[in-house]
Amino acid sequence: MTTPTSGATVIPVATLRESAGAASKFGNSPAQSSPAVTFPLNRWWVAGFSWELGDTPIARTLLNRPMVLFRSPEGGVAALDDRCCHKDLPLSCGSVEQRGIRCGYHGLLYDKSGTCIEIPGQERIPAKARVNSYPLRERNQILWVWIGNQPGGQPDTDPPEYAFHDDPRFQFGGDRYHYEAPYQLIHDNLLDLSHVGYVHQKTIGGNPTQHMNAPFSVNVVDNIVRVTRPMPNTAPPLTYTSVWPFKGLVDRWQEVEFHVSHLLIWTGATDAGAGNADSPELNGFHIRGFHGVTPETDTTTHYFWTVATNPHPERTDAVKVLVEQTASTFNEDKVVIEAQWRNQHRFPGYAQVDIHIDAGPNRARRIVAALTAND
Ligand code: FES
Ligand SMILES: [Fe+2]
């Protein structure tokens with residue numbers, strides 16, 4: 001992993017060199033070259049974190065496209081179809097060089113555009129010797145990929161900014177989880193603030209009844225859904241007291257912002273009565289959560305998350321503790337969501353019954369459905 005040289009401090013996480021999705025390891029066959037569109041494609045999706053791309057390529061299936069991600073000294077970051085055009089070996093089995101990636105079978109060398117630029121022992125390079133490439137950008141230590149709804153589609157915007165990864169007031173850490181569940185079940189979970197009291201009692205939870213009874217608001221602007229909920233004068237949960245010396249009861253807030261490819265979750269607390277605006281300048285505890293939720297396939301998902309906080313001067317291990325407890329918290333979500341998905345197979349076609357806390361998730365699902373139809 002790469003430690004940033006400026007801005008926020010990142011806590012090391014396990015460097016992950018994943019295996020590709022089971023069905024996709026050997027690249028696209030011609031029949032798969034135009035996969036069915038089941039996601040909104042004309043947008044930036046999270047492909048990974050900057051610190052994941054070191055000297056070795058990463059095989060990663062994103063939105064049903066088996067890709068190889070790599071960083072070469074001359075070309076920078078790149079995403080190509082994970083298939084050599086010679087004999088189909090995954091390019092992720094090869095190695096990164098100064099100018100690009102070299103296939104591990106007979107040594108064809110590809111640049112970041114997917115063009116073959118060298119065939120060992122052969123001068124002429126056929127024009128067809130190339131593979132698909134995808135725009136891959138790095139911003140605030142997040143890798144963003146653009147697939148588009150047309151072959152060779154190019155982005156019409158810059159990737160989203162996420163300044164908290166480079167904000168000197170904050171330190172952060174994170175990880176990537178792999179889910180055996182479709183991505184919208186993770187949207188549902190992140191937009192629903194009430195499960196916190198039941199699923200996360202040991203960390204960020206607190207009193208379940210307080211969570212279920214706390215009033216919340218849902219606002220939709222363009223394709224962004226905001227769910228906010230203040231919880232004034234409540235007992236701080238364990239994670240909060242582990243990293244911040246609260247005096248007693250706290251004024252707590254939860255703000256979730258859904259952006260189709262990622263969610264931003266602002267939470268935190270101040271001592272009760274100290275001020276109720278969520279501002280890092282306040283003398284309180286703040287968590288800035290980044291959640292990239294990227295479909296791997298129709299039924300599996302990559303979940304890229306970080307949490308950033310303003311550490312209390314007396315709690316030098318605050319970020320380490322917060323990241324560890326957040327990892328436990330998100331593992332609790334993973335257990336629930338994967339069990340939920342397995343059970344939907346055991347009871348196929350059964351209707352779900354909505355309750356009051358479903359307002360935010362339902363708005364997000366409507367946005368995704370509309371964009372998937374048009375993107
Ligand atoms: S399979 Fe890649 S060079 Fe032969
Ligand atoms: Fe959760």
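Leu136 has Val145 of strand S12 as its bridge partner. Helices (H or I, at least four residues) and strands (E, at least two) are DSSP runs, numbered from the N terminus. Residues are numbered from 1 along each chain as its sequence is written, and chains are lettered from A and ligands numbered from 1 in the order in which they are written. The model is predicted, with local features requiring pLDDT of at least 70 and side-chain atom pairs counting only at pLDDT 80 or more, while totals for chains, interfaces and linings use all residues.

Strands S11 (residues 136-139) and S12 (residues 142-146) run antiparallel and are joined by four bridges; two strands pair if DSSP finds at least two bridges between them. They form a hairpin with two residues between the strands, and Asn140 in the turn has a positive phi of about 55°. Gln141 is in the loop between S11 and S12 and, although not a glycine, has a positive phi of about 70°. Most residues other than glycine have a negative phi. Gln141 counts as buried because 20 other C-beta atoms lie within 10 Å. A residue is buried if 20 or more other C-beta atoms lie within 10 Å of its own, exposed if 12 or fewer, and partly exposed in between, with C-beta atoms placed from the backbone.

S12 also pairs with S2: five bridges join these antiparallel strands, and Trp45 has Val145 in S12 as its bridge partner.

Five bridges join the two strands, which run antiparallel, and Val221 has Ile224 in S15 as its bridge partner. Asp222 is placed in the loop between strand S14 (217-221) and strand S15 (224-234). Asp222 is not a glycine, yet has a positive phi of about 55°. Asp222 is exposed, because 7 other C-beta atoms lie within 10 Å. S14 is hardly covered, as the count of buried residues among its five residues is zero.

Cys103 is located in the loop between strand S7 (101-102) and strand S8 (109-110). With 24 C-beta neighbours inside 10 Å, Cys103 is classed as buried. Apart from neighbours within four places in sequence, Cys103 is in contact with Cys84, His86, Leu89, Leu91, Gly94 and Leu108; two residues are in contact if their C-beta atoms, placed from the backbone, lie within 7 Å. Lys87 and Cys103 are 16 residues apart in sequence, with a C-alpha to C-alpha distance of 10.0 Å.

Among the helices, H1 (residues 183-191) and H6 (residues 359-374) pack at an angle of about 145°, and their axes are 8 Å apart. Axes are lines fitted to C-alpha atoms, for helices over the stretch in contact, and angles run from 0 to 180 degrees between N-to-C directions. The contact brings Gln184, His187, Asp188 and Leu191 of H1 to Gly360, Pro361, Ala364, Arg365 and Val368 of H6. By class, this contact has four nonpolar, three polar and two charged residues. Ala, Val, Leu, Ile, Met, Phe, Trp, Tyr, Cys and Pro count as nonpolar, Asp, Glu, Lys and Arg as charged, and the others, Gly among them, as polar.

Leu185 is also in helix H1 and is partly exposed, with 19 other C-beta atoms within 10 Å. Leaving aside neighbours within four places in sequence, Leu185 is in contact with Ile337, Gln340 and Trp341. Leu185 and Ile337 are 152 residues apart in sequence, but 6.7 Å apart in space, C-alpha to C-alpha. Ile337 is one of the buried residues of H5, which include Val319, Leu322 and Phe330. The 29 residues of helix H5 (residues 318-346) should span 42 Å at 1.5 Å a residue, and the end C-alpha atoms are 42 Å apart, which agrees. The expected span of a helix is 1.5 Å times one less than its number of residues.

Overall, the secondary structure of the protein comes to six helices and 19 strands. Of its 375 residues, 41% count as buried. Among contacts in the protein with a separation of 6 or more, 62% are between residues 24 or more positions apart.
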